[in-house]
Amino acid sequence: MPDATFHFPRGFLWGTATAAHQVEGNNTNNNWWDWENQPGRIIKGQRSLNACDWWGGRWKEDFDRAAEGGQNAHRFSVEWSRIQPTPDRWDESALEKYAEMLRVLNKRNILPMVTLHHFTDPLWITEIGGWENPGVVKHFEKFVRKTVEALKDSVSLWCTINEPNVNTLEGYVTGHFPPGKTNIKLATQVMANMVRGHAAAYKAIHEIQPTARVGYALHYRPVKQARRWNLLDKLASKIHYHGINMAFPSAISTGVMRSIAKKVHIPEAKGTQDYLGLNFYSTFHVKFDLHKPGELFSHAYFPEGSDLSDGGFNANTPEGLFNAVKWAVRTYPGLPIIITENGIECADDHIRPRYIAQHIRQLWRAVNYNWPVKGYFHWSLVDNFEWERGWTQRFGLWELDPKTQVRTKRPSADLYAEICEENGLSSHMVRKYCPEIFEEMFPE
Ligand code: FCB
């Protein structure tokens with residue numbers, strides 16, 4: 001059979017995504033470091049410690065890996081607690097380090113995308129109540145202004161807040177993230193303040209840098225109702241779907257945040273995005289379950305026979321990415337879309353090559369509808385500290401031994417490099433890296 005290639009439009013962004021706390025190491029002045037030090041918070045009592053030692057300088061060698069892997073974009077985050085260690089102090093040397101990272105990326109023709117908030121808060125913010133406190137919005141705006149002023153010469157693609165929905169859900173509903181609360185009313189309050197923080201950041205960035213492109217990254221989770229004719233499953237799926245996906249987007253499109261608990265008017269949020277960042281991992285099945293009051297009786301799971309990741313945390317459900325883009329196009333006609341995260345945890349790399357190939361193929365389908373998808377960032381460049389799951393989940397194209405800091409290339413890194421260099425996915429690549437799906441992808 002002759003070679004076939006799923007080509008992408010010229011200028012498509014191919015990158016990887018990382019986040020400060022997960023890669024830098026020794027972020028001792030934020031709420032996550034504190035959380036890691038509390039017994040029982042992180043699986044096996046693991047801690048971020050040196051992480052990938054980016055703060056110690058290893059960002060440079062990892063950027064080399066990204067460049068050699070043909071990537072033309074990279075998404076990373078800056079750490080608020082480093083830039084503003086106390087309310088009245090800016091650390092210019094931290095800003096200078098980020099500026100250097102940006103210069104190096106640009107020099108290598110890797111377009112930087114900077115996230116301003118990726119789950120962590122400085123301890124002094126936690127002490128005043130974190131995002132429960134509406135006063136945090138002003139503090140966040142101030143931090144954003146300072147950071148954008150300092151870095152604007154080298155970056156114009158900004159992501160204000162990463163996954164405000166996951167941050168709120170895990171911090172205030174499941175209690176897996178700090179501050180470990182389970183209180184829906186507080187969750188709504190936090191989400192609303194994050195919407196306000198995003199809107200304030202959006203306006204501040206545009207004031208300082210009119211040409212900036214500003215958005216946020218939404219964790220979008222498509223949901224399938226488990227039993228088709230079951231009304232309780234229908235209700236449970238709706239609750240789950242809306243609870244996870246819709247609060248933030250509703251506020252940005254209408255100025256009214258519709259959480260499952262109540263509506264909150266935030267008119268200043270309306271229209272505050274130049275693109276939509278979508279983080280997609282898996283589609284979940286949802287069924288009504290009386291034994292899960294903590295999940296509002298809507299239990300999310302993967303059905304038997306799913307193509308599961310190492311610990312069953314994610315499943316390989318590639319059409320979900322297509323559905324995510326379809327939802328975005330319908331919700332925000334004409335708005336550019338960037339896949340800001342997509343990936344799967346797998347230490348021995350047996351599932352990742354096919355996960356990548358199948359997701360890229362679904363993205364190609366979306367692009368061929370002329371839907372304005374502008375780029376794809378794989379999570380992640382190198383194994384890093386996976387929040388409450390510690391080091392038990394390995395998402396990297398490169399494997400990391402956090403003790404020795406030795407990096408080892410996984411086959412997926414080569415596959416992804418070929419995709420980036422080709423600006424597309426070919427039958428040759430699929431045959432080489434994931435022959436098990438060749439027939440399904442390229443039927444005779
Ligand atoms: C996302 C987070 C990211 C990483 C991936 C696996 O929810 O944004 O930091 O942990 O999951």
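Student: Why is threonine 283 called buried?
Tutor: The relative accessible area of threonine 283 is 8%. Buried means under 20%, exposed over 50%, partly exposed in between (1.4 Å probe, protein chains only). The value of 8% is under 20%, so threonine 283 is buried. The model is predicted: local features need pLDDT of at least 70, side-chain atom pairs count only at pLDDT 80 or more, and totals for chains, interfaces and linings use all residues. Residues are numbered from 1 along each chain as its sequence is written, and side-chain values use heavy atoms, without hydrogens and water.

Student: What is threonine 283 in contact with, leaving aside its neighbours within four places in sequence?
Tutor: The partners are Pro222, Val223, Lys224, Phe302, Thr317 and Gly320. Contact means heavy atoms within 4.5 Å. Threonine 283 itself sits in the loop between strand 10 (276-279) and strand 11 (284-288). Strands (E, at least two residues) and helices (H or I, at least four) are DSSP runs, numbered from the N terminus.

Student: Why is isoleucine 260 called partly exposed?
Tutor: Its relative accessible area is 43%. Isoleucine 260 belongs to the loop between strand 8 (256-258) and strand 9 (263-265).

Student: What makes the nonpolar surface patch of about 210 Å²?
Tutor: Ile184, Ile260 and Leu296 make it. Patch residues have over 30% relative accessible area and no salt bridge; nonpolar side chains (Val, Leu, Ile, Met, Phe, Trp, Tyr) are joined within 5 Å, like charges within 9 Å. A salt bridge is a side-chain nitrogen of Lys or Arg within 4 Å of a carboxyl oxygen of Asp or Glu.

Student: Which strands form the closed barrel?
Tutor: The 8 strands run 2-3-4-5-6-10-13-14, with parallel pairing. Neighbours are turned by 25° against each other on average, direction ignored.

Student: How do you know that strand 3 and strand 4 pair?
Tutor: Two strands pair if DSSP finds at least two bridges between them. Here 5 bridges join strand 3 (73-77) to strand 4 (111-117), so the two strands pair. They run parallel, and serine 77 stands opposite threonine 115. Helix 5 (92-107) packs on the sheet, touching strand 3 and strand 4, at about 170° to strand 3. Axes are lines fitted to C-alpha atoms, for helices over the stretch in contact; angles run from 0 to 180 degrees between N-to-C directions.

Student: What makes strand 7 and strand 12 edge strands?
Tutor: Strand 7 (223-225) and strand 12 (298-301) each pair on one side only. Their open sheet has 3 strands in the order 7-11-12, with mixed pairing. Strand 11 and strand 12 are joined by 4 bridges and run antiparallel. Lysine 287 has histidine 299 as its bridge partner in strand 12. Helix 10 (231-245) packs on this sheet, touching strand 7, strand 11 and strand 12.

Student: Why is asparagine 109 called exposed?
Tutor: Its relative accessible area is 63%. That is over 50%, so asparagine 109 is exposed. Its phi is near 60°, a positive value in a residue other than glycine. Most residues other than glycine have a negative phi, and most peptide bonds are trans.

Student: Where is the peptide bond with omega near 10°?
Tutor: It runs from proline 178 to proline 179, and it is cis. Another cis bond joins tryptophan 379 to serine 380, with omega near 15°.

Note on methods. Accessible areas come from the Shrake-Rupley method with a 1.4 Å probe; for residues, only the protein chains shown count as cover.
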